[in-house]
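Please look over the following model together with its sequence.

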Amino acid sequence: MSQTSTFQIRTEEAPRLPAPVATSGFIGWARQNLFSSAGNTILTILGLLLAFFIFEPLIKFALIDAVWTGENRDACLAAEGSGQSVGACWAFVKAYFPQFIYGRYPAAEIYRVNIVYAMFAALLIPMAIPSVPFKKLNAILLLVVFPIISYYLLTGLVIGDAVILPIVETPYWGGLLVTLVIAVTGITASLPLGILFALGRRSHMPIVKLVSVIFIEFWRGVPLITVLFMSSVMLPLFLPDGVTFDKLLRVLIGVALFSAAYMAEVVRGGLQAIPKGQYEGAMALGLRFWPMMGLIILPQALKLVIPGIVNTFIGLFKDTTLVMIVGMFDLLGQINTSTTDPNWASPTTGVTGYLFAAMVFFCFCFGMSRYSIFIEKKLHTGHKR
């Protein structure tokens, strides 16, 4: 007796089933990256334990045992005999927050600093987003118009006997304002100067090459602290009588030249990585030196050294704290000065101030780092992660 079998033919596509939980989502990522072998499992466990021992007391100090409100140092002191420990004194940061941001800038004129902050953010954010149009106009506003308007907003404007904006001397500037002014000016000036000196060092003209080599090696051969001392203390001694420069201007020039020397070597590394055929192809098309560099060579070279450029920017941003030694109170200098106030002197006041400074610097530096990674992926440079 024969048996006949029936087959059911599917006329519609079968529904797609989700991937197994063990191979997708966080569990799948953890199995592949953290627990893929016995060695990786041990390292993961040790790393988690190390992170716990590091961050557990930090979280306890900064959040759990922290003091958030208070009028003076008494709020940040533990009661005698209580046996309790007091964590971060955020009430101190709250009380001095305006000075950390503006320094000793007159309270009635702080709105001018806020306008500068708002203008900078309004121009920088669309400039950093590739999909936003009108990049040329944005660049002109950011690099040409914004510095001029910011200069008069921050320093003041007097036309004849008419006081449009009261003059505010730079010794009254401080806090994050000074940090951003020095960092932004140094970053903006160091990149074009670094490109010029990098091209000069690779030039076939002996004088241009010699000048570029001397400049780069001189500025790379002295520490930044020496440059700041020379620009702030020694430079006025060599100027004619009656001729002087503002201290902030001298610091800006010293920081820009110092950073330009390091930037030049970063860019030179990118130029050396470009194959010789790119130069020969550009010359075969009849391009002269500057069109060849601007259209063919530099776009490729700068893409290759994006990590090095951003690394120099981050180092420059953190090096702004050194201006404290020449009597300028940036964010860190303002915090150091504030901790000496007897109304807020406590065992945790200084540590809290430094923790606040670390958070601010981390936010800026981490932001620059992540943006550089975004640009690398956008331009398809480097190896696949």
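Patches are made of residues with over 30% relative accessible area and no salt bridge, where like charges are joined within 9 Å and nonpolar side chains (Val, Leu, Ile, Met, Phe, Trp, Tyr) within 5 Å. Accessible areas come from the Shrake-Rupley method with a 1.4 Å probe, and for residues only the protein chains shown count as cover; a salt bridge is a side-chain nitrogen of Lys or Arg within 4 Å of a carboxyl oxygen of Asp or Glu. The model is predicted, so that local features need pLDDT of at least 70 and side-chain atom pairs count only at pLDDT 80 or more, while totals for chains, interfaces and linings use all residues. Residues are numbered from 1 along each chain as its sequence is written, and side-chain values use heavy atoms, with hydrogens and water left out.

**Surface patch**
- A nonpolar surface patch of about 1,000 Å² includes Phe134, Leu137, Ile148 and Tyr152 among its members.
- Ile148 belongs to helix α5 (residues 135–155), helices being DSSP runs of H or I with at least four residues, numbered from the N terminus.
- Ile148 is partly exposed, with a relative accessible area of 48%, since buried means under 20%, exposed over 50% and partly exposed in between (1.4 Å probe, protein chains only).

**Confidence**
- The chain has a mean pLDDT (the predictor's confidence in each residue, from 0 to 100) of 85, and 92% of its residues reach 70 or more.

**Buried residue**
- Ser212, in helix α7 (residues 206–220), counts as buried at 4% relative accessibility.
- Leaving aside neighbours within four places in sequence, Ser212 is in contact (heavy atoms within 4.5 Å) with Phe197, Gly200 and Arg201.

**Spans**
- The end C-alpha atoms of residues 251–271 lie 30 Å apart, and this span is 100% helix and 0% strand.

Notes. Helices (H or I, at least four residues) and strands (E, at least two) are DSSP runs, numbered from the N terminus.
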